[in-house]
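Here are a few exercises to work through with the structure open beside you. Try each one yourself before reading its solution.

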Amino acid sequence: MRRRGSSGRGRCFKPAAFIAVVAEKPKAAAKIAYALSDGRGVLRCSEYGVPYWIVRRDGAAIVVAPSAGHLFGPHTDSRGFPVFDFEWRPIFEFDRGAGYLSKFYRMLSRILPGASLYVNACDYDIEGSVIGFKIIEAFGDVNRARRMKFSTLAPQDIRRAYARMERLDVEMIEAGMARSEMDWLWGINVSRALMEAARRAAGRRVILSAGRVQSPTLVEAYRRWREINLHVPKASVAVKITAEKGGGVFDARPHGWKPQSLETARSIKSELRKNPWLAVEEVRSERSILRPPPAFNLGDLQKEANRILGLPPLRTQSIAEELYLEALISYPRTNSQKLPPSINYRAILDKLAHGPLGREARELLKETGGVLRPVQGSKDDPAHPAIHPTGEKPSQRLSKEHMAVYELIVRRFLAAFSREAIVSKSSVLLRDFQGRVWRAEGLRVEDLGWLKYYHYSTPGEKPMPPLDRGDKARVVRVDVRVEWSQTPVRLDKASLLRWMESVNIGTEGTRARIIETLYKRGYLEGSRKSEVTPLGEAVAVIIQTLFPELSKPDLTRRFESMIEDIRSGRRTRQEVIDMSKKTISKLLESFLDRLDTAVREIGVSLGSVEVEAACHLCGRKAVSAVSGYRLCSHHMEAFDRLRKALPNLASTISSTPREALEAIARGRSRAGAWVRDVAALALRDDGLYKALL
């Protein structure tokens, strides 16, 4: 086993005595090897096309060998369901898409045996603990194993972690294996059950998938999609005055009242044209303090990168992980918003002062006088601090996207050490000749504080001219328009991420991946505004019909809590797995009881069973008829909602019901697609129109 190294001196060989260090990925392995080298060079070797590194430290030979993520996973050869027997096997043996892992498996099987000590240097989280443990278990000796714990791949942190190696993190390993085994049990059993129902309904094999976290997330996406398409907007009439005093222009809106109809608003506009004066009745001003935000956790970073850069959550996570592997930031899959005092922030800022945001770093050091006390958020993580830069200088290889995310992280980090921002708000009450009260608001940023580092949150200024009680302002313009309410829910990747966080399902590292899976499976489509596909609708309906417990986050959240119990030593892995099996068995029993009655509905959802009566508007199964038109449950619900809202709509916009329908049928009204369908059909058919009245 001799291979020539591409760096350092000497020839590659397996030392007679050595310490084996297992890294999660090749790039991390390289960083670890160079950090641990005692200055005598790093020997880069290769086996089966996979690199590994040999270094010497404190007189000992160290072999740093990488994995490529998970090499092992649960698997069974059993058919059908329920299935509860499994074993951990090399993933490439049963996953045709994981063939690339075989070369890592062969390299590790050749390199690792015979070490005097095994060190798990994979990422310090549940997944990294399992990845390293399973490799050491397969090719080494877990009784001679230790754990390195670090939050950055900066050389000083690697060396510190190596010097302070601890026992294997057994609780993390057990929690990680429990999660993998539990997700496998839920996924394979529910997926096979769904596919059996679909096979009976369609008469053919249909590939479907479900999961403990994936299923409630899909059902929530389906619920949001329905609400968006069923949205009947509320109409309101907005009046805005543009006034002038002493050359300064400002806007004012009704205060404590609003016009009840478009006709009333137009009458007010006409009155103000004839008597265009407002008397200043009250002037108030106040200063507001905006506290600095804490440094990012992964969820906060994903949401801000979506808001500011338009990046999908998984893309942000991927970029952050690559920045971590470049040793530019700390470990990103953290839930923490806290920066502990143990980190040398002065050293980081001194390094940042020579990087792309050097001016800002130097300004912060000047502002704080070197006294660095970061603001702390409420969320914590036992394994890692909030995401922060290491101070290492970015290379020229970074893409525009990578640099944008890196800058976002650095700016948020700098803001956490800065002072509060101060804004001045003014509020003016004015009265017109009819005694109606109007309100004008101004805003001015007095002290940027932390906003000069994290400018993405700077509020828009609204200048106000100097006004005193008794002053008169002249009305120069009156705008009247109908405003339509937006649907209260959104459906996109970022909104689903926020929902998962709010109901506490999934983890900071898995949420974005699960959401992306819904798109890869063809259940959802679209980037900025997503839609549920016919397949996604069918699967959501199936889950709600046959596995109602899985359609809500409660069950998933309960098992997430059990994982944390394992991590903290309050439960054992076997307890949680046994409980999972028991719960799955009950769900499958209930599923089989309801199967025959639900198969036809599933077939209709999949489009493999012809419906007896199709919806006139979409072809789905009709559930009712109105004025001779058959309507599905979606369009029937849209009809009912529109019928209830139509009188108020017509009254508010001072129109006939027909004119109100015409407004709804137009896209500008923000009405849901199914509501617009019904409105358009009613405009073509007098019978349906009368049924709406």
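**Exercise 1.** Which residues lie nearest the centre of the second largest pocket, and how many residues line it?

*Solution.* Keep in mind that this is a predicted model.
- Start at the middle: Ser-151, Asp-157, Arg-160, Ser-342 and Ile-343 lie nearest the centre, and the lining has 30 residues.
- Next, the volume of this pocket is about 820 Å³.
- Now look at the helices. Both H4 (155–163) and H10 (345–352) supply at least two lining residues, and H4 gives the largest share, with four.

**Exercise 2.** Work out how helix H18 is oriented relative to helix H20.

*Solution.* 
- Find H18 at residues 633–652 and H20 at residues 673–684; their axes are 9 Å apart, at an angle of about 70°.
- Angles of 65 to 115 degrees count as roughly perpendicular, so H18 is roughly perpendicular to H20.
- At the contact, His-634, His-635, Ala-638, Phe-639 and Leu-642 of H18 meet Trp-674, Val-675, Asp-677, Val-678 and Ala-679 of H20.

**Exercise 3.** Classify the aromatic pair formed by Trp-186 and Phe-559.

*Solution.* 
- The whole structure holds 17 aromatic pairs.
- In the pair of Trp-186 and Phe-559, the ring centres are 5.7 Å apart and the planes meet at 70°.
- Planes over 60 degrees apart count as edge-to-face, so this pair is edge-to-face.
- To place the partners, find Trp-186 in H5 (residues 170–202) and Phe-559 in H16 (residues 553–567); the pair links distant parts of the chain, 373 residues apart.

Note on methods. Residues numbered from 1 in each chain as written. Predicted model: local features only at pLDDT ≥ 70, side-chain atom pairs only at ≥ 80, totals over all residues. Heavy atoms only, no water. 1 Å grid on protein atoms, 1.4 Å probe; cavity = no way out; pocket = protein on both sides within 12 Å on 5 of 7 lines; lining within 4 Å. Points joined across faces, edges and corners; volume = space filled by probe spheres on them. Axes fitted to C-alpha atoms, helices over the stretch in contact; angles between N-to-C directions. Parallel < 35°, antiparallel > 145°, perpendicular 65-115°, else oblique. Contact = heavy atoms within 4.5 Å. Phe/Tyr/Trp six-rings, centres within 6.5 Å; stacked < 30°, edge-to-face > 60°.
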